Each structure stands twice: as structure tokens, then as C-alpha cells.
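User: I am new to reading protein models. Please take me through one, feature by feature.

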Amino acid sequence: MLALKPAAQDFIAARSLTRPVIAGEVIYEDGAPFTHAVFPHAGLISLMATMANSKTVEKTSVGHEGFLGFGLIMGGSGAFGRCVVQVPGYASWLSKADLDQALAEFQCVRETMLSYAKSLITQLMETVACNSLHSAEQRVIRWLLIAHDSVLGDNFDLTQQIVAEVLGLRRATVSAICSQLQSDGLLEYSRGVVTIVDRAGVEARACECLHNIQKASMRHHSPAR
């Protein structure tokens, strides 16, 4: 939203419904038709895949840098994963009709959405590489820092079970990693609330995939002139 010109921001804000989103809330089921584009302002939404054995893994995530409903401008019609809120926050709903009008009236809307598409492709490719080549600790750190970037502040609600589900890891593995990070003074975890104590220290343990994702997001999120 911040990458749009002021007039486009005002148009979308006037026609959007903004409300809180809570952890576990399903925004769209897999394959469900998009009736609205959903723009998170704070919080994180995962697009989840569910296997035949009921195991789950995250395909990608959407925070304040992007939106749900990309298929609306690419000729698609349905969600390509179960869209679940993992970190609570708030988001705006814009109807398909209003999105179509915004695309017709404001060139910056289409340009910004296509820029986000490039950023999303980078995220998808980096995530595939990370899941294939990097350790469980690096994957957990990557995801925690992306979650941290999606909230306003250093505290956010997040259970270890959620982290295990989105990364396809055992909960015990996630628990051991978080315990070590806490012992090292990098984060605090209590009753489902994560506090990043030393962001620089956590980033120092991250793999290059995180930094590549962040760079792509920064390029997309630059405000329009």
C-alpha cells in the first residue's frame, strides 16, 4: 500500500473494510474463488499445503509488503493454498470490482502489484533453496525474522506448533532451537509470545536466503513518487 501514489492509496482506503485478523483464522480455503483482495497491514498470513497424510507445510507467506488475491490480476480465480493467519494483526478487504476500478484508474496499482509479483517469486525460489540446503535452525530463524518484520514492535503472538507446521519440522526440533536462542540471549519466549531481544544477533545466524528475500521486498516496497 505504501508503494502506491497518494491518490491511489486514498481510493483504496475509502473502499476497503479494515479489521483485525486472529491467529488460526482461515481467509481463503485452497482453491476458493477470490471475492476480495486482502492487504495485511500487520501480521502474517501463510499459504499452506496439506498432504495426503495430513502433514502441512507453508508454500509462501504474505505480510504488509503484499496482498492475497494476486490471481485477480493474472487471470486466475482461486487461492493456491489454504490462507491461514499465523501472526495476528489487521488487514483490509477490497472487493474485486473496486480492485478492477483501481487498476483501470491508477497505473501505479498495476505496477506495484507486478513489482510485488517479482518479490514473491524471489521469496518462493529462496524458500525452496533454503528448505533444501540449510539447517533447521537457519530455517526457523528465517521464518521468525520474516514474522518479526510483519508486526509493529518486537513482541508477537506465535506458538512453536505453528512454526513446526509451516516449516514441516517436528515441534521438539523447533522447541530445542528456540530454547537455544533464548539461552543465548537473542530472544525470549513465554506463553506463546515471542520477543526479539537482539535482532542483529539473530540475523547474524541467518542464512543468505533471508537477506535475499529482504532485498527483494525493499525494492518492491519503495514509496511511489
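Analyst: Start with one pair of residues. S190 stands opposite V193 in β8. This is a predicted model, so local features need pLDDT of at least 70 and side-chain atom pairs count only at pLDDT 80 or more, while totals for chains, interfaces and linings use all residues. Residues are numbered from 1 along each chain as its sequence is written, and side-chain values use heavy atoms, with hydrogens and water left out.

User: How do β7 and β8 pair?

Analyst: Two strands pair if DSSP finds at least two bridges between them. Strands (E, at least two residues) and helices (H or I, at least four) are DSSP runs, numbered from the N terminus. Here β7 and β8 are antiparallel, with four bridges. Together β7 and β8 make a hairpin with two residues between them. In that turn, R191 has a positive phi of about 50°.

User: Which strand pairs with β6?

Analyst: Strand β6, residues 155-157, pairs with strand β8, residues 193-196. The sense is antiparallel, over three bridges. For F156, the bridge partner in β8 is V194.

User: How many bridges join β3 to β5?

Analyst: Eleven bridges join β3 to β5, and the two run antiparallel. A42 has Y90 in β5 as its bridge partner. Strand β1, residues 17-21, also runs antiparallel to β5, joined by five bridges. There, L17 stands opposite W93. β2 is joined to β5 by two bridges, again antiparallel. V26 has V84 in β5 as its bridge partner.

User: Why is β5 largely enclosed?

Analyst: Look at burial. Buried means under 20% relative accessible area, exposed over 50%, and partly exposed in between (1.4 Å probe, protein chains only). Eleven of the 14 residues of β5 are buried, so the rest of the structure largely encloses this strand.

User: What is the largest nonpolar core?

Analyst: First, the general idea. Nonpolar side chains tend to be buried together in soluble globular proteins. A nonpolar core is a set of buried Ala, Val, Leu, Ile, Met, Phe, Trp, Tyr and Cys residues joined through side-chain atoms within 4.5 Å. In this model the largest such core has 36 residues. I27, Y28, L68, C83, L99, V109 and M113 have the most contacts inside it. At least two residues each come from α1 (6-15), β2 (26-28), β3 (36-50), β5 (82-95), α2 (96-105) and α3 (107-133). The largest share, six residues, is supplied by α3. Another core of 32 residues lies apart from it, and V87, V166, L187 and V194 are among its members.

User: Which residues does I27 touch?

Analyst: Contact means heavy atoms within 4.5 Å. Leaving out residues up to four places away in sequence, I27 touches V21, V38, I45, L68, C83, V85 and W93.

User: How many aromatic pairs does the structure hold?

Analyst: It holds five. Rings of Phe, Tyr and Trp (its six-membered ring) pair if their centres lie within 6.5 Å; planes under 30 degrees apart are stacked, over 60 edge-to-face, and the rest tilted. Y28 and F34 have ring centres 4.8 Å apart and planes at 85°, so this pair is edge-to-face. Y28 is buried, at 8% relative accessible area. F34 is buried too, at 10%. For F67 and F70, the ring centres are 6.1 Å apart and the planes at 55°, so this pair is tilted. Both F67 and F70 are buried. F39, F67, F70 and Y116 form one aromatic cluster.

User: Where do the buried residues of α6 pack?

Analyst: They pack against α4 (136-149), α5 (160-167) and β7 (187-190). In α6, the buried residues are V174, I177, C178 and L181. Seen down the helix axis, they fall within an arc of 95°, so they line one face of α6. That arc is taken from the directions from the helix axis to the C-beta atoms. Just after α6, G185 takes a positive phi of about 75°.

User: Which residues is Q138 in contact with?

Analyst: Apart from neighbours within four places in sequence, Q138 contacts R205 and C207. Q138 belongs to helix α4. Its relative accessibility is 21%, so Q138 counts as partly exposed. Now compare sequence with space. Q138 and L210 are 72 residues apart along the chain, and their C-alpha atoms are separated by 9.2 Å.
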